[in-house]
Amino acid sequence: MYKYCQIIAVFALVLAAGCGSKSVNVNEEFDPTNKGDEEVLVFAVRDGDSAVVEQYLKQYPEIATQRDSTGNTMLHHAAMGGQVGIAKMLLDAGADINAYNRDDLTPLGAAIDRKAEPDMIEFLESKGGVE
């Protein structure tokens, strides 16, 4: 029950950030290696919630290179979600433009596979992304 309360609290932060809040206070008990917390972060990345992602990156810079259970980095998720701004933030924080996931897809390959918008594909290519 306690874990569900934590997840709900983090979702509330995500929703508050999406409603015009400029400052987000990341739950002190957030653990980017915890699957439930990781899902909240993936949601924010794919949804393009830059305020939340920026706050997480400030407090947990390791999320820029962290992998989920399928080998995807947060950059893969940004690429699949077509979130150029988030992808730029992640790259600025040290994300690997050519990290491969378990399906042997780089973020660019994942973006192409998911039929991302051309601006995402062009952005990743401009940063040295390969398929």
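## Thr106 and its surroundings

In this predicted model, Thr106 touches His76, Ile97, Asn98, Ala99, Tyr100, Val130 and Glu131, leaving out residues up to four places away in sequence; contact means heavy atoms within 4.5 Å. Thr106 sits in the loop between H5 and H6. Its relative accessibility is 0%, so Thr106 counts as buried. The classes are buried for under 20% relative accessible area, exposed for over 50%, and partly exposed in between, with a 1.4 Å probe and protein chains only.

Local features need pLDDT of at least 70, side-chain atom pairs count only at pLDDT 80 or more, and totals for chains, interfaces and linings use all residues. Residues are numbered from 1 along each chain as its sequence is written, and side-chain values use heavy atoms, with hydrogens and water left out.

## Asn101 in the H5-H6 loop

Asn101 is also placed in the loop between H5 and H6. With 8% relative accessibility, Asn101 counts as buried. Its side chain makes a polar contact with the side chain of Asn72 at 2.7 Å. A polar atom of the Asn101 side chain also lies 2.9 Å from the backbone nitrogen of Leu105. A polar contact is a pair of N or O atoms within 3.5 Å; within protein, one must be able to donate a hydrogen and the other to accept it, and residues adjacent in sequence count only if both atoms are side-chain atoms.

Not counting residues up to four places away in sequence, Asn101 touches Arg67, Thr70, Gly71, Asn72 and His76. His76 is also among the residues touched by Thr106.

## Overall fold

The protein chain has 7 helices and 0 strands, giving the pattern α-α-α-α-α-α-α along the sequence. Helices (H or I, at least four residues) and strands (E, at least two) are DSSP runs, numbered from the N terminus.

Of the 131 residues in the chain, 46% count as buried. Among contacts with a separation of 6 or more, 64% come from residues 24 or more positions apart. The chain exposes about 7000 Å², and carbon and sulfur atoms supply 52% of that area; accessible areas come from the Shrake-Rupley method with a 1.4 Å probe, and for residues only the protein chains shown count as cover.

## Nonpolar core

The largest nonpolar core has 30 residues, and those with the most contacts inside it are Leu75, Leu90 and Leu124. At least two residues of this core come from each of H2 (35-47), H3 (50-59), H4 (74-80), H5 (84-92), H6 (107-113) and H7 (118-126). A nonpolar core is a set of buried Ala, Val, Leu, Ile, Met, Phe, Trp, Tyr and Cys residues joined through side-chain atoms within 4.5 Å.

Beyond its neighbours within four places in sequence, Leu75 is in contact with Ala87, Leu90, Leu91, Ala95, Asp96, Ile97, Pro107 and Leu124.

## Helix H7

The buried residues in H7 include Met120, Ile121, Phe123 and Leu124. Viewed down the axis of H7, its buried residues fall within an arc of 160°, so they line one face of the helix; the arc is that of the directions from the helix axis to the C-beta atoms. These buried residues pack against H4, H5 and H6.

The face of H7 turned away from the buried side carries Pro118, Glu122 and Ser126, which are exposed. Just after H7, Gly128 has a positive phi of about 95°.

The structure holds 1 salt bridge, in which the side chains of Asp92 and Lys88 meet at 3.0 Å, N to O. A salt bridge is a side-chain nitrogen of Lys or Arg within 4 Å of a carboxyl oxygen of Asp or Glu. Asp92 and Lys88 are 4 residues apart in helix H5, so about one helical turn separates them. Asp92 counts as exposed at 58% relative accessibility, whereas Lys88 counts as partly exposed at 43%.

Gly109 lies in helix H6 and counts as buried at 8% relative accessibility. Apart from residues up to four places away in sequence, Gly109 touches Val130 and Glu131.

Arg114 lies in the loop between H6 and H7 and counts as partly exposed at 47% relative accessibility. Arg114 is 35 residues from Ala79 in sequence and 8.8 Å from Ala79 in space, C-alpha to C-alpha. Neighbours within four places in sequence aside, Arg114 is in contact with Arg46 and Met80.
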